[in-house]
Amino acid sequence: MGLRNLPTGIAAILSASLLGLFVLPLIALFIFATPGGILNEAQSPDFWSALEVTVLASLIALGVVVVLGVPLGYLLARRSFPGKAWVSSAVTLPVLVPHLVVGLALLLWVMPGTVVGGILQRAGLTVFDTIWGVVLVMVYVGASYTVLASEQAFLAVDRSTVEVVRTLGATPTDAFLDVTLPLSLRGILAGALLSWARSISEIGGFLILAYTVIPSPPYGGPVTNPAPVYIFNLYQEGALGAAASAAALLLLIALAAFLAVRILERNGRLPWNRGSVGA
């Protein structure tokens, strides 16, 4: 290797080391799990109950995150207001807070006797050990990614393009819906996907606020746990093989969902250009 290629060679070696760290543990997981173990877990009603409540909660949380996070991202990108720097800093707080601290903080915020807990109680909404506790944790840990990605997406839209549309008679609302939002959609969707991925990978907050999920609308299944807690319980019980099998099955389902998105993307059935999200 010549001296001219030395930096590239070093970068390749270091990059391969990191990629190996990403991939090799997952390969080890599937080797340890075995096809038979994965099949057994696929036949477990407990696994599917945990997956059902996790997916349902994650979809509800994703809707909340998009509805609340995209407007905040727009305000941070396009508007000046008092305390903007503080708001911008607050958006990043959930990324920095340790997982167990998230659960403890949310519990102390919504438990009976607090202002928020009293409001929820009068509204007949139970958070502790219900699907709404799972949703609350997911929104808290995931929303930052949608806000930050939306902010960057709106900042990337050329203001002159919007101004041209305005000079042609478009109202601010028309300019936003016809120009700003379509041009920002790629970044918003990428942030939403990150929020969703972060929410279903959470465990620390669930262990405190929603360790067990008791049936309550919209979840009508049996008493269960969020999927990460379900896998953690198997590990705690010493069933390492079952825990690995459940983890591998969960990963396979996630990969299948990703492949389905890529196929729909390839066929032009999704609202973004091929390769623009998850490329």
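My entries on helix packing and ring pairs follow.

I am working with a predicted model, where local features need pLDDT of at least 70, side-chain atom pairs count only at pLDDT 80 or more, and totals for chains, interfaces and linings use all residues. Residues are numbered from 1 along each chain as its sequence is written, and side-chain values use heavy atoms, with hydrogens and water left out.

**Helix packing.** I looked up α7 (residues 131-155) and α9 (residues 172-200). Their axes lie 7 Å apart, at an angle of about 150°. The two helices are therefore roughly antiparallel (over 145 degrees). Helices here are DSSP runs (H or I, at least four residues), numbered from the N terminus.

I then looked up the contact (heavy atoms within 4.5 Å). On the α7 side I noted Met138 and Phe154, among others. On the α9 side I noted residues including Phe176 and Arg198.

**Ring pairs.** How many aromatic pairs does a search of the whole structure find? I found five. Rings of Phe, Tyr and Trp (its six-membered ring) pair if their centres lie within 6.5 Å; planes under 30 degrees apart count as stacked, over 60 as edge-to-face and the rest as tilted.

I noted Phe47 with Trp48 as edge-to-face, 5.2 Å centre to centre and 85° between the planes. Phe154 and Phe176 form a tilted pair, at 6.1 Å and 35°. Phe154 is in α7 and Phe176 in α9, 22 residues apart.

**Burial.** Phe154 has 0% relative accessibility, so I list Phe154 as buried (under 20%).

Note on methods: Axes fitted to C-alpha atoms, helices over the stretch in contact; angles between N-to-C directions. Parallel < 35°, antiparallel > 145°, perpendicular 65-115°, else oblique. Buried < 20%, exposed > 50% of the residue type's maximum accessible area, 1.4 Å probe, protein only.
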